Amino acid sequence: MIDAVRNIARPQAPQAPEPLYREAPNNIEAEQALLGALLVNNDAYYRVSDFLKAEHLYEPLHRKIFEVASEIIRMGKTANPVTIKTFLPADQKVGDLTVAQYLARLASEAVTIINAEDYGRAIYDLALRRSLIQIGEDVVNIAYDAPLDMPPQAQIEDTERRLFALAENGRYDGGFQSFSDAVAQAVDMAGAAFERDGNLSGISTGISSLDSKMGGLQRSDLIVLAGRPGMGKTSLATNIAWNIAAAYEPEVLPDGSFKAKNGGVVGFYSLEMSSEQLATRIMSEQTEVSSSKIRRGEITEHEFEKLVGFSQTMQKVPLFIDQTGGISIAQLSARARRLKRQRGLDCLVVDYIQLMTGAGKAGENRVQEITQITTGLKSLGKELAVPIIALSQLSRQVESREDKRPQLSDLRESGSIEQDADVVLFVFREEYYVKNLEPRDLADPKYPEWEALMDKVKGTADVIIAKQRHGPTGTVKLAFQSEFTRFADLADPSFIQYEEP
């Protein structure tokens, strides 16, 4: 038993030779001091109970004492050496002392409970270090054994998942905050909105009609942007990502660090397209050179000069692309944290949810996996204090209805997506469906009717705000240039048809 719990009285021993092994990090004296304070005054328990658990203590007897004391205190009773000893093995010895005598010794040598929280945090940090050591040992041992069912990539993902779980659980900075602190934060947010361009409380999307409905993208929000293939959800996401990054204006804080005064640093996870394809799309949007012409090499010298000039602008814009396909939520979270630490981070875009993988085992129910992903994205947004725009596919049931406008129930594996999202946006282009209804024969009597309807919806798109926790729902009508896959505000609210130049 850990050298009779460090010889209890801690007598001075002669200098021993250096051991041939390293003992796991621990502090038996801190555990004794905490338990002593708890046995004398049960209020010490409430100073550490929100982050310290019995398994965090190193000495097995101390774990048992803390566990029993915690149960007694939670039942509203008093935990002291007399009430605890009946729940511990009477025949167990601590050096020359019985357990009852050891409890009495802990209580008699107890110090004030003022330092109880500091002792608890020291014990907790040592427990985290032991967990890190265990993860590290497992990494080494598994890498040496090279089991067939765990290739290197799977081991990396498993390690990242365990580290992510340790990072999420290994924090004691949570708990309640006073209402006055919350009010002060709300006032600071209002002040920042007053000073920011556009007077928005969140980050501007660069599309003013959308900002007016949403107040910009709010910190820690999970914004789900959904639509059927061909509706332009990736185009809208790239438009917003570029607008935010291009508007980035840093502000120097008193400590020398930076924060975004306008715009922001954007991380874009492109699971569907390569970084080259994404860059080509953004170049097309901004230079008004058709992406199809860029791919086929059918551009003029003047258009090529526009592309070269814009590429120089792109190099200065804080937009970072990760093109890893099938990325897991653990990998995504780790890379987002790294980006925030190294370059800063103000907004994340994930294209798209259904191409991600969860942290569960292979073959797990897909709905449960999507739940892990959306819950992980929501937690990551809160941890990093950034909005996350996550794209999502819609189910095919939209196509079977006469009214093609999407609804919340159309979200694929929708339960968790709808529940975890703070905002749900649907992209709907009626032009896409009307175009497919074109009569084959110009002499068809229905052709003029189709032509009139096509003229009405051509070049427009609806962004349907189906859910918003802190604002109204409704529909925002935008202009859409299909040749450049670009969304923009309509020139006039009464505008019906967007005329391409």
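Modeller: A salt bridge here is a side-chain nitrogen of Lys or Arg within 4 Å of a carboxyl oxygen of Asp or Glu. The model is predicted, so local features need pLDDT of at least 70 and side-chain atom pairs count only at pLDDT 80 or more, while totals for chains, interfaces and linings use all residues. Residues are numbered from 1 along each chain as its sequence is written, and side-chain values use heavy atoms, with hydrogens and water left out.

By this rule there are nine salt bridges. One of them joins the side chains of K477 and D462, at 2.9 Å from N to O. K477 lies in strand β12 (residues 474–481) and D462 in strand β11 (residues 460–468), so this pair ties together parts that are 15 residues apart in sequence. Strands (E, at least two residues) and helices (H or I, at least four) are DSSP runs, numbered from the N terminus. D462 is buried, at 8% relative accessible area, whereas K477 is partly exposed, at 42%. Buried means under 20% relative accessible area, exposed over 50%, and partly exposed in between (1.4 Å probe, protein chains only).

Two other pairs sit within helices. R74 and E71 form a salt bridge of 2.7 Å, N to O; they are three residues apart in helix α4 (residues 60–74), which means a separation of about one helical turn. R74 is exposed at 52%, and E71 is partly exposed at 41%. In helix α7 (residues 116–145), R121 and E117 are four residues apart, again about one helical turn, and their side chains meet at 2.9 Å, N to O. R121 is partly exposed at 31%, as is E117 at 29%.

Finally, salt bridges also link K378, D422 and R469 in a network.
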